[in-house]
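Please work through the following exercises with the sequence and the model open beside you. Each task is followed by a solution that goes step by step.

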Amino acid sequence: MTFFRPSFRHPDLPPNEAGYTRRDYEGGISTLCAGCGHDSICNAIIQACFELGLPPHRVAKMSGIGCSSKTPAYFLGKSHGFNSVHGRMPSIATGANMANRELIYLGVSGDGDTASIGMGQFAHAVRRNLNMLYIVMNNGCYGLTKGQYSATADKGSKGKKGGVNALESIDLCELAIQLGAGFVARGFSGDKQQLTPLIKAGLSHHGLSFIDVISPCVTFNNNPESTKSYHWVREHSEATNTFDFVPFRQTITTEYQDDATEAVTLHDNSVIHLHKHPHAADVTDRRQAIDNLEDHKAQGMILTGVLYVNPASADTHDILNTCERPLNSLTETDLCPGSAVLEEINAAHR
Amino acid sequence: MKQLQGVNDFVIRFANVNGSGSASANNLFAKAVFRMGVPVSPKNIFPSNIQGLPTWYEVRVNAQGYVGRRGDVDMVVAVNGQTLRQDYDGLAPGGYFLFDSSKPLPEDFRRDDVTVIGVPMTLLCNEAFDNPKMRPLLKNIIYVGALAALLDMELQVLIDSLTKQFRKNPKLAEPNIQALQLGYDYAGEHFQDVCKLSVQRCNLVGDGIIMDGNTAVALGALYAGATVVGWYPITPSTSIIEAFGRYAEKFRIEQDTGRIKAAIVQAEDELAAIGIVIGASWNGARAFTATSGPGISLMSEFLGLAYFAEIPAVLVNVQRTGPSTGMPTRTQQSDLISCAYASHGDTKHPLLFPCDPKECFDMTADAFDLAERLQTPIIVMSDLDLGMNDHYSPPLHWDPERVYDRGKVLNAAQLDELTTTWGRYLDTDGDGICTRTYPGAHPDKGVYFTRGTSRNEYSAYTEDSGAYTRNMERLQLKWETAKTLLPGPRIKLHEPQARLGAVFYGSSTPAVYETIESLRARGIAVDTMRLRAFPFQPGALDFIHHHELVFVIEQNRDGQMRTLLINEGDLTPHKLIAITCYDGLPLASRSLTQAMEEALAERGILLQQLAPGQGDAQ
């Protein structure tokens, strides 16, 4: 069944700086369960892209398989999308990015898609620091196959069917920091205020940005004993530094005078202003960032917000020294050495 | 004792220890034969090991131009103690046994039908050279020098080769030339006129080249404009990517920036390697990967996606001996079925079968055009023998006027001109191929969602049976279109047409032609068809229909090409006789001839009816 969203919008809704309306960033109607956290994340993506004024057709949406991976159909309807195979989004995104470095790559995956079947591809896309935003919609279970635990389900968490998860959970953010991602954050689908600027910062960072968004599965994993339920996350989360994200195109109106504010300038000259609590960990320090995550985990708390940021990282193209022009724009003249050179090569093989 | 004799017609086998630097000495010998104008085919028979295990290098010298492996060894250069016995016993009666006589031959080496030639290589080497690191390498050059004397070769050709090889480091050329001379002088002095095999200068190689298939594949990809490579190391395909990388460093550097006009990504596994290719092709770059059988197994999931979502991909499969890890450094043609039908569901892929380096170059370049025209994966089926061994081949050629066929891709202007609603999977001209767009091409036209799930003509998700079936039928139509674009078979018929036919492909080619010729000389005419692509064109099936009995010759146990022919051509199985050689070694004409003779003898009536005088080959 295919749903179409009515295209009528109030004529007075203002466009963004680039002249696009919010409607230009919307997609098809969601077929996920009513109340699914993933829909809130889609809305945050739409809002972030709208606020950044990204040309929608310059974004490429990539995903794997699962509830989360279906969502690229529900946002940015004017962008090309690629719903690939289970756990393999990172390699498709790598190839696409190699072909055209000028598009913005937005990868969406789930905890099953990333932390189990796609663990290898996730790890290596992070290692090669692919220039993309990688969002995991993390609900701790497999929704489309009716609620089995995933590898991010916390040890001791209890699902709807009552069984206790006995296995250690994988913290994707901690891994991403270890593997070299330059921007790592954790959000909550129930907190759009925090999530939207996280996505904006992630889209502006050069290199791999990873955002793990806890997104309760209302159908299979939202009972109070589940550590991925709305209730639990609201009760047990704590933000790192509160922060403001200022895209480079905007005039900075807010003045931060106090010593507790640190400005991190991203590759495109956007700025993240981090408002530090006294004694808070430094999120630009990799070791402190990991300690911070572990310390909170030990206290039974979920740490959200910007967990780690290092704006000066070389992405895959930098590492491979590929040309600035998109490879998919090169023609015979650029690529073919010609018949005279081939004659020389023949001669060298005689 | 009757000694083997032959001018420009013999087989020499070098028995070495892996990792002892013998490869360059052996190659020096083979190249010198070629530079004397004589067709030559060296085959490296090596272990899955870096150092220490036995390795052989078999060189066939043949003035008639038969450059397949022949089988049997006329002369052996035995410098590996581990295999001394085996090499001695395996020598053909009348053959020559050249060994390092620094240590005497064991007493039980008592054949009276071989000529033993002892050259004290280690002693000569240690006497002449002080550097212990250089000695093992120079010892190899000593036996090349001895061979030059025994085979009446022009020493100057070898000296020139060494000078060329070490032109950047002339200091190294000096001891090498000295070693060459040492061996040459010793053998000339002690074994004058002992060996009845010789190489004589002639002019039989024309403008031919000596190249390995993997280098030719890499050049094909370079010339065809491949810019994205996803790969994972696996023998015997790795040298394709290495060669592509070397050529890219040379010919793909952007002059003003020094940056590379290619992205070569070493992936974490073969799944990611093909994923990178598919992602890049989807985004409008020409992309390829190279792998071998185990990689094909892992790539199968993604190949199904590319087939169904209709994304171009070029994949080169350098086949090795399976199943499983099998014999990773030995050759075979045993991935036909796994490639033809790779992935679950009704999935099938066009295959190309190159037979020499020139075809490796041409077919790889063509594969990019075909993949983009047909919007589907194209698999080039090479093998270890073709890919890693040097082959005598016609020179590579590139038409300076050639333009890449990028297939049905709509740009922004073409999208603006459309008067009807565009559909990614809408076939508007009846060839089963639809138009596609690159991401980012147009602000609001030509956008679509790519997926491995079923969809309608406008790429919207659907589980409607009608839409699903229409799509599958269109893919079948595209398969028919593919047959008109793929290279056709090469058929050689007798006049009048023979009643027997032989079908083969790929690296079997030179050995098969030699066998067919030897059968003809003995009065049995066999028409031949060299297949160059799957799916089969009508002409290929006609060849089989028009012959009473057809031998299908291939390098696997199960007769996989035969199975494909029976299945796709709706052929009667008993008409197709499987001739299979699958010991992991390059197909040898002598053993193939024997297998053909036995198969013919089993059908004795045919032999009698096929009297001499059936006509000459066209």
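**Exercise 1.** Determine how many bridges join strand 7 of chain A to strand 8 of chain A, and which residue is the bridge partner of F188(A).

Solution. Strand 7 (residues 183-188) and strand 8 (residues 208-214) of chain A run parallel and are joined by 6 bridges, where strands are DSSP runs of E of at least two residues, helices are runs of H or I of at least four, and both are numbered from the N terminus. Two strands count as paired if DSSP finds at least two bridges between them. The bridge partner of F188(A) is I214(A) in strand 8 of chain A. The model is a predicted one, in which local features need pLDDT of at least 70 and side-chain atom pairs count only at pLDDT 80 or more, while totals for chains, interfaces and linings use all residues. Residues are numbered from 1 along each chain as its sequence is written, and chains are lettered from A and ligands numbered from 1 in the order in which they are written.

**Exercise 2.** Describe the contact between the two chains from the side of chain B.

Solution. The contact takes 57 residues from chain B and 49 from chain A, two residues being in contact if their C-beta atoms, placed from the backbone, lie within 7 Å. On the side of chain B, the largest share, 9 residues, comes from helix 9. That side divides into 37 nonpolar, 12 polar and 8 charged residues, with Ala, Val, Leu, Ile, Met, Phe, Trp, Tyr, Cys and Pro counted as nonpolar, Asp, Glu, Lys and Arg as charged, and the others, Gly among them, as polar.

**Exercise 3.** Identify which residues of helix 5 of chain A meet helix 6 of chain A.

Solution. From helix 5 of chain A, A123(A), V126(A) and R127(A) meet L175(A), A176(A) and L179(A) in helix 6 of chain A. The residues of this contact divide into 5 nonpolar, no polar and 1 charged.
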